[in-house]
Amino acid sequence: VDLTLFVDNPKKFPDKEHSTDYATPESANSPILQFIRNDLVWPHGDVRVHKREKNAGLKRSIMEAWYPMSDDSMGAFFEDDTEVSPLWYKWVDRALRKYY
């Protein structure tokens, strides 16, 4: 199972001091990117990271993130604050095998 991560740049803040509409050296070292580079362990397949240079928002990010390659392609989308059960994948796999 390959893992593809899409990292959006933060939204603009009202004050220019905290505005990060475009990628900056600081956003390149964001906590999520540091975690991906240094700590992410994914023994189930390849890991691909796509970093946006500009904030796209949730809807656009999801709509542009993935396209099925066939009728048998599957995808799941999670926000960065989503936590799933360690048994989530087993449940989805079994449900798909039974009902798909």
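Glu64 forms a salt bridge with Arg60, with the closest N and O atoms 3.2 Å apart, where a salt bridge means a side-chain nitrogen of Lys or Arg within 4 Å of a carboxyl oxygen of Asp or Glu. Both residues lie in helix H3, 4 residues apart, which is about one turn of the helix. An α-helix has 3.6 residues a turn, so residues three or four places apart point the same way. Arg60 counts as partly exposed at 49% relative accessibility, and Glu64 is partly exposed as well, with a relative accessible area of 37%; on this scale buried means under 20% relative accessible area, exposed over 50%, and partly exposed in between, with a 1.4 Å probe and protein chains only.

## Basis of the model

This is a predicted model, in which local features need a pLDDT of at least 70 and side-chain atom pairs count only at pLDDT 80 or more, while totals for chains, interfaces and linings use all residues. Residues are numbered from 1 along each chain as its sequence is written, and side-chain values use heavy atoms, with hydrogens and water left out.

The pLDDT, the predictor's confidence in each residue from 0 to 100, averages 81 over the protein chain, and 82% of the residues score at least 70. Confidence is lowest in helix H1 (residues 25–28), at a mean of 56, and highest in helix H4 (residues 88–99), at 93.

## Overall architecture

The protein chain contains 4 helices and 2 strands, and from the N terminus on these elements follow the order β-α-α-β-α-α. Helices (H or I, at least four residues) and strands (E, at least two) are DSSP runs, numbered from the N terminus.

Of the 100 residues of the protein chain, 14% count as buried. The accessible surface comes to about 8800 Å², of which 56% belongs to carbon and sulfur atoms; such areas come from the Shrake-Rupley method with a 1.4 Å probe, and for residues only the protein chains shown count as cover. Among contacts in the protein chain with a separation of 6 or more, 62% are accounted for by residues 24 or more positions apart, contact meaning heavy atoms within 4.5 Å.

Arg48 counts as partly exposed at 38% relative accessibility, as does Asp2 at 44%. Asp2, Asp46 and Arg48 are linked in a network of salt bridges.

Glu64 also takes part in a salt bridge with Arg52, at 2.8 Å from N to O. Here Arg52 lies in the loop between E2 and helix H3 (58–65) and Glu64 in helix H3, so the pair, 12 residues apart, links distant parts of the chain. Arg52 is partly exposed, with a relative accessible area of 24%.

Which residues does Ser61 contact, leaving aside its neighbours within four places in sequence? They are Asp8, Arg52 and Ala56. Ser61 lies in helix H3 and counts as buried at 15% relative accessibility. Elsewhere, Lys11 is found in the loop between E1 and H1 and is exposed, with a relative accessible area of 59%; the C-alpha atoms of Lys11 and Ala56 are separated by 8.4 Å, although the two residues are 45 residues apart along the chain.

Leu58, Ile62, Trp66 and Phe77 make a nonpolar surface patch of about 360 Å². Patches are made of residues with over 30% relative accessible area and no salt bridge, like charges being joined within 9 Å and nonpolar side chains (Val, Leu, Ile, Met, Phe, Trp, Tyr) within 5 Å. Leu58 has its place in helix H3 and counts as partly exposed at 48% relative accessibility.

## Helix H4

H4 has 12 residues and reaches 16 Å from its first C-alpha to its last, close to the 16 Å expected at 1.5 Å a residue, the expected span being 1.5 Å times one less than the number of residues. This helix is hardly covered, since the count of buried residues among its 12 residues is 1.
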